[in-house]
Amino acid sequence: MGDDISGWDVLDAAHEALRKAVSGIPAGGWDLPTPCSEWSVTKVFKHAVGDQLGFAATLTGEGGPAFNPFDPPAEPGADPSAELEDALTRAARAWAAVDRDAAEVPTPVPPNRMSPWMGSTACALDAAVHAWDLAVATGQPSPLTPELAGPLLEVARQIVDPLRPWGAYAEALPDAPSGAPSGDTAAALLRYLGRDPHWTPAA
């Protein structure tokens, strides 16, 4: 797995997962708790939007989010779907304009220069994991298929550890206990990112 998988295909799938998760948030669901400690559905949504805008801005030099993604607003705004679509469109267009044969491109996360495949998959990682956060918080099925989780886990193992001290990701959880089903790539990804694959709002 690696450069033989198109980062843009992974990014498209991750964007669609986030789009679907947001469309499934019920009217009264914006204040529900999420796997992100102390962050509501609204805050995770806003953070996810801000991160996509941040990737787009780093690539294009255009303006990024109007708020700090790590201190996101507590209100979803008048039209969350339109806000999300704008962010996803800007990110997708920015990556589509990248030369896929370039040695590296700028990214807003360390090491701040990555190959186009790694950078676009890092952008996908952010979208897909927050899609999972929103989905499980609001009673939706997990969007992390094995096909999507595989490349995300590969990139996560290369970029996440330096981000943990800054609070971007929690410490990795222990591997699945002995006797648990093997080969669950999505669960392995979530544990690596410090998330309990079996998290529920009551946990």
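These legends describe close-up views of a predicted model.

**View 1. Helices α2 and α4 pass each other at roughly 170 degrees.** Helix α2 covers residues 41–60, and helix α4 covers residues 116–137. Their axes come within 10 Å. Because angles over 145 degrees count as roughly antiparallel, α2 is roughly antiparallel to α4. The crossing of α2 past α4 is left-handed.

**View 2. Residues of α2 and α4 form the contact between the two helices.** From α2 come V41, V44, F45, H47, A48, D51, Q52 and F55. The α4 side consists of G119, A122, C123, D126, A127, H130, D133, L134 and A137. Sorted by type, the residues of this contact are 10 nonpolar, 4 polar and 3 charged.

**View 3. T34 sits in the loop between α1 and α2.** Helix α1 spans 7–23. The relative accessible area of T34 is 6%. T34 is buried, because this label applies to values under 20%.

**View 4. The side chain of T34 has polar atoms facing two backbone positions, at C36 and W39.** A polar atom of the T34 side chain lies 3.1 Å from the backbone nitrogen of C36. The backbone oxygen of W39 is 2.8 Å from a polar atom of the T34 side chain.

**View 5. T34 is in contact with residues beyond its close sequence neighbours.** With neighbours within four places in sequence set aside, the residues in contact with T34 are W39, S40, V41, V44, D133, A137 and W199. Among them, V41 and V44 also belong to the α2 side of the helix contact, and D133 and A137 to the α4 side.

Terms used:
Residues numbered from 1 in each chain as written. Predicted model: local features only at pLDDT ≥ 70, side-chain atom pairs only at ≥ 80, totals over all residues. Heavy atoms only, no water. Axes fitted to C-alpha atoms, helices over the stretch in contact; angles between N-to-C directions. Helix = DSSP H or I, 4+ residues; strand = E, 2+ residues; numbered from the N terminus. Parallel < 35°, antiparallel > 145°, perpendicular 65-115°, else oblique. Left-handed = near helix turned anticlockwise from the far one by under 90°. Contact = heavy atoms within 4.5 Å. Nonpolar A, V, L, I, M, F, W, Y, C, P; charged D, E, K, R; others polar. Buried < 20%, exposed > 50% of the residue type's maximum accessible area, 1.4 Å probe, protein only. Polar contact = N/O pair within 3.5 Å; in protein donor to acceptor, adjacent residues only side chain to side chain.
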